[in-house]
Amino acid sequence: MSTTAIIGTGVMGETLLAGLLRAGWSASDLIAADRREYRRAEVEAKHGVRTGTNVDAAGAADTVVLVVKPQDIPEVLPEIREAMRPGALVVSLCAGVQTWQLEAGLPDGTPVVRVMPNTPAQVDEGMAAISGGKNATPEHLDRVTAIMSAVGKAVTVPEKYQDAVTAISGSGPAYLFFVVEAMIDAGVMLGLPRDVSTLLVSQTMYGSAKLLVESGEHPTVLRERVTSPGGTTAAALRELEVHRVKAAFISAMEAARDRSAHLARPAKEK
Ligand SMILES: NC(=O)C1=CN([C@@H]2O[C@H](COP(=O)(O)OP(=O)(O)OC[C@H]3O[C@@H](n4cnc5c(N)ncnc54)[C@H](O)[C@@H]3O)[C@@H](O)[C@H]2O)C=CC1
Ligand SMILES: O=C(O)[C@@H]1CCC=N1
């Protein structure tokens, strides 16, 4: 049976680990590593998987998934390169780290796949974009698609799109939560109790997302259906245009894209 190692069990690493277990993966086919010893103990107790050092995990696995911060990759690669099994696949969920950078720090010929996931994977509604490096075969891409499909949707894209993907779907949940916070505060400002405002906004976000996905309609059509002539929605949308909210979103996502492109460059270049 094949073994998958998850190196880095913070927010995203634990999200993937828990999701694979929920999807029916056997705990005995997984091994987790983290540089924090107490975190390894927590993960063992909570999820019932084996844990160990990066060397233990890389040495035990056919698929090694890196979920540390991009800045920690230069420390992790030399550790795992000595320990890895021949032919093992390395999967990186790290923002900004390019497949050639990983390949350069791993044994010659190592297949590498880059993924940008997001946190709705915690409720099996994640969105992941997958790109293969120069040694990745269709079988490797299928293997990673199977891993990410356990916690949501997965799409394969050329690697040149990954910084944009990171800006849109990787960071995207944070922008939507930001909008939710703003609307809840607005409700409170308009006199609603905070719990009522929170319920109204959360269900409106959830229902709107479901309607968008399930209807397959263009968002402009869905927005127009809410916007009665001379009504309340038109009054609100005009204010959003006056405050250039769409332009602000575009600038924000350009900043995220640029930050992604910058993240994994060596410190002296920054
Ligand atoms: N949080 C998110 O929404 C998303 C995160 N990502 C990517 O996932 C990666 C991890 O992000 P988070 O989980 O948010 O960070 P985090 O800080 O919650 O987790 C990182 C984990 O890596 C461990 N770690 C650090 N250095 C290590 C080392 N040398 N060896 C072993 N373990 C080590 C830390 O102890 C920590 O548990 C990042 O590269 C990020 O770009 C990608 C998409 C979404
Ligand atoms: O903020 C970050 O850098 C990570 C990558 C995408 C979402 N969180």
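Predicted model: local features only at pLDDT ≥ 70, side-chain atom pairs only at ≥ 80, totals over all residues.
## Two domains

Let's start with the overall layout. The protein splits into domain 1, covering 4-159, and domain 2, covering 172-263.

## What UniProt says

UniProt puts "domain: Pyrroline-5-carboxylate reductase catalytic N-terminal" at residues 5-96. In the model, residues 5-96 are 45% helix and 20% strand, with 21 Å between the end C-alpha atoms.

The other UniProt feature is "domain: Pyrroline-5-carboxylate reductase dimerisation", listed for residues 159-262. Residues 159-262 come out as 83% helix and 0% strand, and the C-alpha atoms at the ends of this span are 15 Å apart.

## Helices α8 and α9

Now for the helix pairs. Packed helices in general are described by two things, the angle between their axes and the distance between the axes. For α8 (residues 172-189) and α9 (residues 194-215), the axes come within 9 Å and the crossing angle is roughly 140°. That angle makes α8 oblique to α9, because roughly antiparallel would take an angle over 145 degrees. The crossing of α8 and α9 is right-handed.

Which residues of α8 and α9 meet? From α8 come Leu176, Val180, Met183, Ile184, Gly187 and Val188, and from α9 come Arg194, Ser197, Thr198, Leu200, Val201, Ser202 and Met205. Sorted by class, the contact of α8 with α9 has eight nonpolar residues, four polar and one charged.

## Helices α7 and α12

The other pair is α7 (residues 162-170) with α12 (residues 245-263), whose axes come within 8 Å and cross at roughly 130°. So α7 is oblique to α12. The crossing of α7 and α12 is right-handed.

On the α7 side, the residues that meet α12 are Asp163, Ala164, Thr166, Ala167 and Ile168. Their partners in α12 are Met253, Ala256, Arg257, Ser260 and Ala261. By class, that gives the contact of α7 with α12 six nonpolar, two polar and two charged residues.

Conventions:
Residues numbered from 1 in each chain as written. Chains lettered and ligands numbered in written order. Domains from an automatic or database assignment. UniProt positions renumbered as here; feature names shortened; annotations may be inferred. Helix = DSSP H or I, 4+ residues; strand = E, 2+ residues; numbered from the N terminus. Axes fitted to C-alpha atoms, helices over the stretch in contact; angles between N-to-C directions. Parallel < 35°, antiparallel > 145°, perpendicular 65-115°, else oblique. Left-handed = near helix turned anticlockwise from the far one by under 90°. Contact = placed C-beta atoms within 7 Å. Nonpolar A, V, L, I, M, F, W, Y, C, P; charged D, E, K, R; others polar.
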